Amino acid sequence: MPELPEVETTVRGLARFLEGETITLVQVNRPDMRRPFPPDLVQALTGASVTHLTRRAKYGLIHTSRDHAMIFHLGMSGRWRIDPAEDEKHDHLVIDTAGHRFALNDPRRFGSVDLMTNDELVTWKPFAALGPEPLGELLTAEHLREATRGRKQAIKLLLLDQRIVAGLGNIYVCEALWRSGIHPGKAGGKVTMPQLRRLVPAIKEVLEQSIRDGGSTLRDFAQPDGNLGYFATRFHVYGREGEACHHEDGGMIRRIVQGGRSTWFCPVCQR
């Protein structure tokens with residue numbers, strides 16, 4: 001699934017071509033993806049100007065001059081194609097401006113599109129319970145201390161809880177825990193403040209580096225311009241079971257399963 005850096009990369013790529021432009025055509029090629037397209041989507045967007053684009057957790061938002069925002073989620077295999085050379089059968093939504101065409105392509109149809117007014121965004125159910133953005137000022141060691149105080153659940157699983165931190169996914173939690181020297185199975189309530197003070201900048205650093213690299217290309221993800229992200233070449237633990245830790249005094253990378261998902265870590269470096 002495209003994670004936060006992939007969504008951020010997508011939003012920035014779209015913004016280069018969409019911001020300030022007027023939407024001249026909206027074409028819905030099927031009734032639904034993960035859920036039905038909004039019935040008023042075509043009417044609401046056609047003729048509207050795009051004021052700006054933002055991201056919340058793993059959602060991208062296209063804001064318009066009509067006080068609406070079209071919210072998209074890329075699901076497992078979704079991506080936007082800019083000025084595609086030809087139509088594809090999995091282009092489920094097409095948006096035209098005077099100079100460009102944008103096609104939302106999703107072979108598995110686990111993505112979604114929603115339409116909300118700006119006032120509705122604040123209370124929209126998927127957003128209402130989200131924790132702070134990991135790249136924002138509200139993610140602090142103190143926030144994590146309060147969110148994990150007394151918790152017996154593993155810190156890895158707590159960091160994946162969107163109510164604690166919005167948008168963190170498996171890849172970047174594994175990498176951030178390695179950078180901060182925290183064992184993924186350690187109970188959240190047992191993680192010390194010095195460890196949390198290392199963890200917060202580690203989260204930000206790994207996300208920012210991935211965004212600079214264009215994301216991690218796993219299976220189907222590509223940027224809107226078709227280029228592939230290459231942060232996957234920089235993984236320290238993710239997917240490296242049985243390989244040597246990148247720390248000189250580290251051990252061999254191990255894999256365990258937590259909450260039904262694989263976790264990779266160094267049993268020597270991470271305590």
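A salt bridge, as I use the term today, is a side-chain nitrogen of Lys or Arg within 4 Å of a carboxyl oxygen of Asp or Glu. Before the examples, please keep in mind that this is a predicted model, in which local features need pLDDT of at least 70 and side-chain atom pairs count only at pLDDT 80 or more, while totals for chains, interfaces and linings use all residues. Residues are numbered from 1 along each chain as its sequence is written, and side-chain values use heavy atoms, with hydrogens and water left out.

By this rule, the count comes to 15 salt bridges. Let me begin with Arg101, whose side chain meets that of Asp87 in a salt bridge at 3.9 Å, N to O. Because Arg101 lies in strand E7 (residues 101–105) and Asp87 in the loop between strand E5 (79–82) and strand E6 (91–96), the pair ties together parts that are 14 residues apart in sequence; strands here are DSSP runs of at least two residues, numbered from the N terminus.

For accessibility, buried means under 20% relative accessible area, exposed over 50%, and partly exposed in between, with a 1.4 Å probe and protein chains only. Asp87, at 60%, therefore counts as exposed, whereas Arg101, at 27%, counts as partly exposed.

Arg101 also forms a salt bridge with Asp96, at 2.7 Å, N to O, and Asp96 is buried at 12% relative accessibility. Elsewhere, salt bridges that share partners join Glu8, Arg12, Arg55, Arg56 and Glu133 into one network.

Finally, Asp32 and Arg30 pair through their side chains at 3.0 Å, N to O; Asp32 is partly exposed at 25%, and Arg30 is partly exposed at 24%.

Definitions and conventions:
Helices (H or I, at least four residues) and strands (E, at least two) are DSSP runs, numbered from the N terminus.
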